[in-house]
Amino acid sequence: GKDIGWPHLFSVIQWEIVNLPKKWVHLFWHAFSTREVSRADHLKLLDNYLVLAHLIKKERERLGELRLNDTTPNNVIATTREKAITSPEYLEELIGEAERIQSKAEAVLESELTSVLSELGFNSRLKFLFPPVDIRFEQPPTILIVSPRDRIVLQEVVLMEPDMNAIDRDLLENQMLEQYNLSAFVDDIGGIATYPAMVPNTETTRFITQTAAHEWLHHYLFFKPLGKNYYDSDIMPTLNETVADIAGREIGDIVFERMGGDLAIANSRYIAAEDR
């Protein structure tokens with residue numbers, strides 16, 4: 001898988017080198033800040049950041065459509081008004097504003113999740129949370145899953161670059177089939193338990209709080225038997241992931257509700273299909 005997919009490989013080590021120092025420098029300055037800000041202001045800042053993230057995603061999609069229209073013969077060209085509203089300059093302005101408050105927004109979610117985890121009894125004997133909650137709002141990498149064709153076996157898993165387009169995904173999957181006679185599938189993932197954990201910023205707030213809790217539980221379990229024995233058998237990753245998934249949803253929902261979210265909305269997604 002790595003031989004064919006190397007142009008799209010995602011380096012966790014490189015990502016850690018760039019992001020881990022950046023996170024802790026921000027936390028150092030934040031700890032010594034004398035400015036008093038209310039919790040309501042903090043939550044508003046997080047909400048503003050997530051709104052910006054959605055706008056950025058929308059504008060990138062619009063610009064992509066405009067470029068396609070401009071280069072495709074006999075296609076309907078977007079109106080002058082649409083082009084005026086959607087421009088690279090406007091997109092850069094949105095990105096700049098989001099980058100300016102991103103670290104603060106991450107700190108808000110970290111603080112909210114830390115508070116709930118402490119109340120639930122996850123603090124260490126020294127009365128502090130370990131490992132500390134540490135997240136980074138970023139699109140997680142995609143994942144290449146490889147299996148033999150005659151049976152379902154997880155033969156290889158490779159992290160690939162985020163936002164791989166459909167053409168590149170199909171090409172990679174077909175090359176694995178033709179050259180190695182293996183089934184391959186490139187899929188998106190909700191988050192990844194790097195440290196800091198990668199959490200997407202363009203999903204719903206409820207999904208984001210659940211994902212942040214899920215990834216922290218992976219960090220927590222890393223120091224427990226369930227995490228230390230992760231690679232001892234084929235069943236251990238499934239057990240680890242199941243614990244993080246179930247507990248992550250419950251803890252994430254507590255955080256979401258504490259932040260003012262309404263758990264009654266779209267609650268049917270957690271009801272078994274046969275009971276709907």
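**View 1. Largest nonpolar core of the predicted model.** This core comprises 34 residues. Within the core, Leu46, Leu113, Leu117, Phe137, Trp216 and Ile251 touch the most other members. At least two core residues come from each of helix H3 (39-71), helix H5 (88-119), strand E1 (135-137), H7 and H9. The greatest contribution is that of H5, which supplies 11 residues. In soluble globular proteins, nonpolar side chains tend to be buried together.

**View 2. Packing of H5 against H7.** The two helices pack at an angle of about 65°, and their axes are 11 Å apart. Their crossing is right-handed. On the H5 side, the contact is made by Leu109, Leu113 and Leu117. On the H7 side, Ile208, Thr209, Ala212, Ala213 and Trp216 take part. By class, the contact of H5 with H7 has seven nonpolar residues, one polar residue and no charged residues.

**View 3. Packing of H5 against H9.** The axes of H5 and H9 come within 10 Å and cross at roughly 120°. H5 is therefore oblique to H9. The crossing of H5 with H9 is right-handed. From H5, the residues Glu112, Leu113, Val116, Leu117 and Glu119 meet Ile251, Ile254, Val255 and Arg258 of H9. The contact of H5 with H9 divides by class into six nonpolar, no polar and three charged residues.

**View 4. Packing of H7 against H9.** Helix H7 (residues 205-221) and helix H9 (residues 235-258) have axes that come within 7 Å and cross at roughly 135°. This angle makes H7 oblique to H9. H7 and H9 cross in a right-handed sense. In the contact of H7 with H9 there are nine nonpolar, eight polar and five charged residues.

How values were computed:
Residues numbered from 1 in each chain as written. Predicted model: local features only at pLDDT ≥ 70, side-chain atom pairs only at ≥ 80, totals over all residues. Heavy atoms only, no water. Axes fitted to C-alpha atoms, helices over the stretch in contact; angles between N-to-C directions. Helix = DSSP H or I, 4+ residues; strand = E, 2+ residues; numbered from the N terminus. Parallel < 35°, antiparallel > 145°, perpendicular 65-115°, else oblique. Left-handed = near helix turned anticlockwise from the far one by under 90°. Nonpolar A, V, L, I, M, F, W, Y, C, P; charged D, E, K, R; others polar. Core = buried A, V, L, I, M, F, W, Y, C linked by side-chain atoms within 4.5 Å. Buried < 20%, exposed > 50% of the residue type's maximum accessible area, 1.4 Å probe, protein only. Contact = heavy atoms within 4.5 Å.
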